[in-house]
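Hello,

Here is the structure we talked about. My notes follow below it.

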Amino acid sequence: MDTPSDMPLSDRTRMRRYHWLAKYDRESVNSIIDAGIICQVGYVFDGVPYVTPTSHWRIDDHVYWHGSSASRMLKAQEKNIPVCFSVTHIDGIVFARAAMNHNILYRSVMAFGNASVTSEEEKRHVLSVFCDRLAPGLWDYARRPNEQEWKATKVIKLKLDEVAAKVNDALPGDEEPDLATDRWAGMVALELMQKAPVPDPRLAPGLKMPDFVKAFSYSARAGDRSAWTPEKVGDDS
Ligand SMILES: Cc1cc2nc3c(=O)[nH]c(=O)nc-3n(C[C@H](O)[C@H](O)[C@H](O)COP(=O)(O)OP(=O)(O)OC[C@H]3O[C@@H](n4cnc5c(N)ncnc54)[C@H](O)[C@@H]3O)c2cc1C
């Protein structure tokens with residue numbers, strides 16, 4: 001074992017390729033999941049594999065995603081079928097001296113398990129958590145769903161029992177002979193750019209922007225970036 005683990009490893013989650021990048025501890029897994037708003041959910045329907053991007057949120061050791069009660073994905077997943085849930089963040093591009101050593105800096109999580117549908121009571125609670133996760137205060141500010149809207153919405157959950165993370169924050173993996181050449185190597189960090197809020201043109205005149213919109217910060221949630229930053233390496237040459 002290369003890294004501490006506080007979650008049981010399974011044959012599916014035991015990393016083979018670049019196993020030293022594996023993280024099996026709950027804190028690493030949770031921080032990667034919580035830093036993202038978008039996940040990919042893989043499942044097989046009628047013998048065909050689908051990977052559907054959707055929004056997710058986490059409460060304790062469950063992740064949740066939601067959608068229309070008419071959604072094919074949700075109708076399939078409420079039958080307790082196996083799913084693979086994944087979240088990925090791209091933190092940078094590594095330029096190396098050797099063509100084979102260019103790389104991506106990333107943090108990712110893959111979890112396996114059987115999906116299930118929440119009860120009506122749980123659905124109503126976890127959807128309020130979902131709103132407040134996007135922006136704390138959003139749930140109390142917004143109009144509450146009416147009974148028809150509740151009926152039209154389903155929430156699927158997955159217990160994070162079989163899960164692993166992979167984090168690549170490595171320097172270029174160039175060999176000694178390549179290090180001695182005069183080719184430049186380094187990293188370009190990437191992050192999602194947040195722009196200023198744009199009011200809906202149909203807003204009533206003079207309506208003030210709520211504090212949770214003013215305070216909204218994607219990067220505050222995005223968590224730890226690569227350990228390898230220009231500040232830490234201390235060289236811009
Ligand atoms: C942004 C990005 C770019 C990548 N680019 C490449 C690329 O160009 N080429 C390439 O080969 N690989 C790339 N990878 C790594 C890729 O995700 C796989 O880890 C790798 O291909 C090995 O796959 P495998 O099935 O052989 O892994 P194995 O080591 O056999 O996987 C065993 C188990 O480890 C866990 N695991 C494996 N990969 C991940 C992961 N990324 N995140 C969380 N858990 C994981 C899963 O539980 C999996 O079932 C990239 C990853 C990311 C996030």
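Val-109 sits opposite Ala-165 in β10. This is a predicted model: local features need pLDDT of at least 70, side-chain atom pairs count only at pLDDT 80 or more, and totals for chains, interfaces and linings use all residues. Residues are numbered from 1 along each chain as its sequence is written.

β7 and β10 pair antiparallel over seven bridges. Two strands pair if DSSP finds at least two bridges between them. Strands are DSSP runs (E, at least two residues), as are helices (H or I, at least four), numbered from the N terminus. β1 (residues 22-23) also pairs with β10, antiparallel, over two bridges. There, Lys-23 stands opposite Ala-165. Five of the seven residues of β10 are buried (20 or more other C-beta atoms within 10 Å of their own, C-beta atoms being placed from the backbone).

**The ligand shell**

The shell has 15 residues, and Arg-16, Arg-17, Tyr-106, Ser-108 and Lys-166 come nearest. A residue is near if its C-beta atom, placed from the backbone, lies within 6 Å of the molecule. β6 (82-95), β7 (103-114) and β10 (162-168) each supply at least two shell residues. β7 gives the largest share, five residues.

**The open sheet**

Four strands form an open sheet in the order β4-β5-β9-β8, with antiparallel pairing. β4 (57-59) and β8 (116-117) are at the edges with a single partner strand each, so one side of each has no neighbour in the sheet. β8 pairs with β9 (residues 153-159) over two bridges. Val-117 has Ile-156 in β9 as its bridge partner.

Best wishes

Terms used: Buried ≥ 20, exposed ≤ 12 C-beta atoms within 10 Å, placed from the backbone.
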